[in-house]
Amino acid sequence: MSEPIRVAVVDYGAGNLVSIRNALRQLGAEVSVAEAPQQLEGAEVILVPGVGASEAAMGRLRRQALVEPIVERVRGGTWFVGICLGLQLLFENSHEDGARMLGLLEGDVEVIPHAPSLPHIGWNRLEMQRPHPVLDGLADGTPAYFVHSYVPVPADPHIVIAQTEHGGRFASVVARDRILGFQFHPERSGRDGLRMLRNTLELIAADRPAAAEMRA
Amino acid sequence: MLLRRVIPCLDVKDGRVVKGVRFVDLTDEGDPPELARRYAEAGADEICFLDITAAPEGRGTLLDIVERTASQVFVPLSVGGGVRSALEMRDVLRAGADKVAVNTAAVDDPDLVKTCARRFGSQCVVISVDARAVPREPGRWEVVVKGGRVPTGLDAVEWIERCVANGAGEVLLTSIDRDGTQEGFDIELLRTVTDLVNVPVIASGGAGSPADMTAAVTEGNADAVLAASIFHRDIHSIEAVKADMAAAGVPVRLGGGNA
């Protein structure tokens, strides 16, 4: 990578940012923490991490006046990476607590169907659904580390690039345009997880001219 | 399907990794973050730190170790030992731990598990139980605390059920009778607990060979196996344990690696 990718990690009080920040720095990204709209300025990618419930998370994003700025920036060509709850927030409605979410992707968030145990915690496999640069170099069946009970159900099945089985099957990696979401924690998924984050940064780097033109 | 985990446990005292046989005779075995990184690289699915520092003034060191570890280790990190309150748990989680195990403190304050589970979520609250077989009463185990030295009179199985009902998301189950002996896990104890609770159970105490660890999963129904000495002394590698499990048809994460 020529110049480090500028990542704004959104801090809205939902879980620790230590792991994801460290992982991105290890990969050479320039990481800043955004608690307010003006701190998104200059970021090439907005990364939303988080664990917990959607309504509480949306409430905090609203109080920090981050909802509109995030949606506008993503519509305007800034990349978005959602991890775990951060992925779920991309969708429309949560069946967990009725939360109305960012609505950048169509579909709702529901509990994992037919799960033998909840929450779903631990290492589970990614079943690759279609080729995507984020999954470059990763074999079908690559294990990743999950901690969650709810999952997104995208209206458009084509955005699901990997799925995972825990009783029922659910979307574990989604991608559309400049939006990426991981239902697991790549920053806790060892070498393979870091590979996905590295792929993500490289994808964003390759898209720089086009993204810059769109933002201009 | 969830994969079964292999977890090396690092006993930490005053900022250094130690491991004793039956909790005595401690010998110094290195720097915690460096060992954790080495294990993650070797395929550990999770790293467990058990802080056995007695003096309260030694506690700050633990947070520093957790932070240094979390900055270079990219698999989940569990921390146990000496966490006495929700506030202390918060500090350990903020330093970068994914889960915190409580043991003696949960016995002293039965509301601790509930408070922590409500505040941080069940996924990061592990109830750590040291169980000792009750002499002449087969099928009964007693909870012992303070590193296995002090009996509590609590029935281990009932205690575990209560903690899980209160929101513990995982059980770290150590057989004090087997700990440090390398004679194999207490399969009967494991079986009794895994039949009863619906949260993951980590088998601990007695690992002597890859076959022991496979048996903890195939016969004891453990979701994860934890060991210290056999890994630290390079008697068996994590890779060898996983190969044995895979050969027995247990789903495991092969390859692994840290960064």
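**Figure 1. Helices H8 and H10 of chain B cross with their axes within 8 Å of each other.** In this predicted model, H8(B) covers residues 210–218 and H10(B) covers residues 238–247, and their axes cross at roughly 50°. That angle makes H8(B) oblique to H10(B). The crossing of the two helices is right-handed. On the H8(B) side, the contact is made by B:Pro210, B:Ala211, B:Met213, B:Thr214 and B:Val217. The residues of H10(B) that take part are B:Ala240, B:Val241, B:Asp244 and B:Met245. Sorted by class, the residues of this contact are seven nonpolar, one polar and one charged.

**Figure 2. Helices H3 and H5 of chain B cross at roughly 45°.** Two packed helices are described by the angle between their axes and the distance between the axes. Here H3(B) spans residues 86–94, H5(B) spans residues 112–120, and the axes come within 10 Å. H3(B) and H5(B) are therefore oblique to each other. Their crossing is right-handed. From H3(B), the residues in the contact are B:Ala86, B:Met89 and B:Leu93. They meet B:Thr115, B:Cys116, B:Arg119 and B:Phe120 of H5(B). By class, five residues of this contact are nonpolar, one is polar and one is charged.

**Figure 3. Chain B has 10 helices and 11 strands.** Taken along the principal axes, the box filled by the C-alpha atoms of chain B is roughly 40 × 40 × 40 Å.

**Figure 4. Chain A touches chain B through 25 residues, which are in contact with 26 residues of chain B.** On the side of chain A that touches chain B, at least two residues come from each of helix H1 (18–26), strand S7 (120–125), strand S9 (143–148), strand S11 (160–166) and helix H5 (190–206). The largest share, five residues, is supplied by H1(A). By class, this side of chain A has 10 nonpolar, 11 polar and four charged residues.

**Figure 5. Eight strands of chain A form an open sheet with mixed pairing.** Strands of a sheet pair through backbone hydrogen bonds, either parallel or antiparallel. The order across the sheet is S2-S1-S3-S4-S13-S12-S11-S8. Strand S2 (30–34) and strand S8 (127–128) of chain A stand at the edges. Each has a single partner strand, so one side of each is left without a neighbour in the sheet. Within the sheet, strand S12 (residues 168–176) and strand S13 (residues 179–182) of chain A pair in the antiparallel sense over four bridges. A:Arg176 has A:Ile179 of S13(A) as its bridge partner.

**Figure 6. An open sheet of three strands in chain A has the order S5-S6-S10.** The pairing in this sheet is mixed. Its edge strands are strand S5 (93–94) and strand S10 (150–154) of chain A, and each pairs on one side only. S5(A) and strand S6 (residues 107–111) of chain A run parallel and are joined by two bridges. A:Ser94 is bridged to A:Val109, its partner in S6(A).

Methods
Residues are numbered from 1 along each chain as its sequence is written. Chains are lettered from A and ligands numbered from 1 in the order in which they are written. This is a predicted model: local features need pLDDT of at least 70, side-chain atom pairs count only at pLDDT 80 or more; totals for chains, interfaces and linings use all residues. Axes are lines fitted to C-alpha atoms, for helices over the stretch in contact, and angles run from 0 to 180 degrees between N-to-C directions. Angles under 35 degrees count as roughly parallel, over 145 as roughly antiparallel, 65 to 115 as roughly perpendicular and the rest as oblique. A crossing is left-handed if the near helix is turned anticlockwise from the far one by less than a right angle, and right-handed if clockwise. Two residues are in contact if their C-beta atoms, placed from the backbone, lie within 7 Å. Ala, Val, Leu, Ile, Met, Phe, Trp, Tyr, Cys and Pro count as nonpolar, Asp, Glu, Lys and Arg as charged, and the others, Gly among them, as polar. Two strands pair if DSSP finds at least two bridges between them.
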